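Let's take a friendly walk through a protein model together. Have a look at the sequence and the fold, and then follow along.

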Amino acid sequence: MQETAKRIVLVETNARMAAAISCAVTGAGHRCDTVASADACQKALSDTPPDMVLIDGAPDGPDPRQLCQTIRRDLSNARVKIVILNGSGRSIERRRCRALGADGVLAKPFGLDELRAEMHRLFTDAPDATAPATMAPAV
């Protein structure tokens with residue numbers, strides 16, 4: 001089953017990484033708008049909220065956790081999926097990002113297939129295999 005094309009905003013300062021990620025996004029049938037700063041991301045969000053924001057955690061770019069929080073504070077972005085592309089694969093960092101509102105975290109280096117799989121998971125609301133299982137309330 002083919003997903004409906006989605007609009008994705010990529011926050012990435014490295015032109016080569018932006019090109020590779022954009023190619024993966026468009027290759028999956030989605031539209032990718034690339035920006036290099038938090039301000040440009042906020043502008044892209046205010047124009048028309050995208051379906052997803054991919055935020056790179058590069059040292060020369062915006063702080064991904066802070067940008068994630070800023071996006072989540074605006075209730076008009078409630079349906080926007082956020083994925084942080086992070087240099088740390090540590091579970092504590094993943095938990096911090098999720099606590100700040102990230103829907104997904106990919107540790108660098110990641111493969112473009114992993115990115116496409118994460119986008120698919122979030123767009124199809126498939127359960128996250130890394131999330132703890134929840135129990136139904138007793139009746």
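Arg121 and Glu118 sit 3 residues apart in helix H5, so about one helical turn separates them. Helices here (H or I, at least four residues) and strands (E, at least two) are DSSP runs, numbered from the N terminus. The side chains of Arg121 and Glu118 meet in a salt bridge, 2.8 Å from N to O; the term means a side-chain nitrogen of Lys or Arg within 4 Å of a carboxyl oxygen of Asp or Glu. Arg121 and Glu118 are both buried, where buried means under 20% relative accessible area, exposed over 50%, and partly exposed in between (1.4 Å probe, protein chains only). Salt bridges with shared partners also join Arg7, Arg31 and Asp33 into one network.

Before going on, please note that this is a predicted model, in which local features need pLDDT of at least 70 and side-chain atom pairs count only at pLDDT 80 or more, while totals for chains, interfaces and linings use all residues. Residues are numbered from 1 along each chain as its sequence is written, and side-chain values use heavy atoms, leaving out hydrogens and water.

How many salt bridges does the structure hold? There are 9 salt bridges. One of them pairs Asp47 with Lys43, with the closest N and O atoms 3.2 Å apart; both residues lie in helix H2, 4 residues apart, about one turn of the helix. Another salt bridge pairs Glu93 with Arg65, with 3.5 Å between the closest N and O atoms. That pair links distant parts of the chain, as Glu93 is in helix H4 (residues 91-99) and Arg65 in helix H3, 28 residues apart. Glu93 counts as buried because its relative accessibility is 9%, whereas Arg65, at 28%, counts as partly exposed.

Now turn to two helices side by side. The axes of H2 (residues 38-47) and H3 (residues 64-73) come within 11 Å and cross at roughly 25 degrees. Axes are lines fitted to C-alpha atoms, for helices over the stretch in contact, and angles run from 0 to 180 degrees between N-to-C directions. H2 and H3 are therefore roughly parallel to each other, a label for angles under 35 degrees. The contact (heavy atoms within 4.5 Å) is made by Ala38, Cys41, Gln42 and Leu45 of H2 and by Leu67, Thr70 and Ile71 of H3. Gln42 counts as partly exposed, at 30% relative accessibility.

Finally, find Lys108 and Pro109, which are joined by a cis peptide bond with omega about -5 degrees. Most peptide bonds are trans. Pro109 is found in the loop between strand E5 (104-107) and helix H5 (112-123).

Conventions
Parallel < 35°, antiparallel > 145°, perpendicular 65-115°, else oblique.
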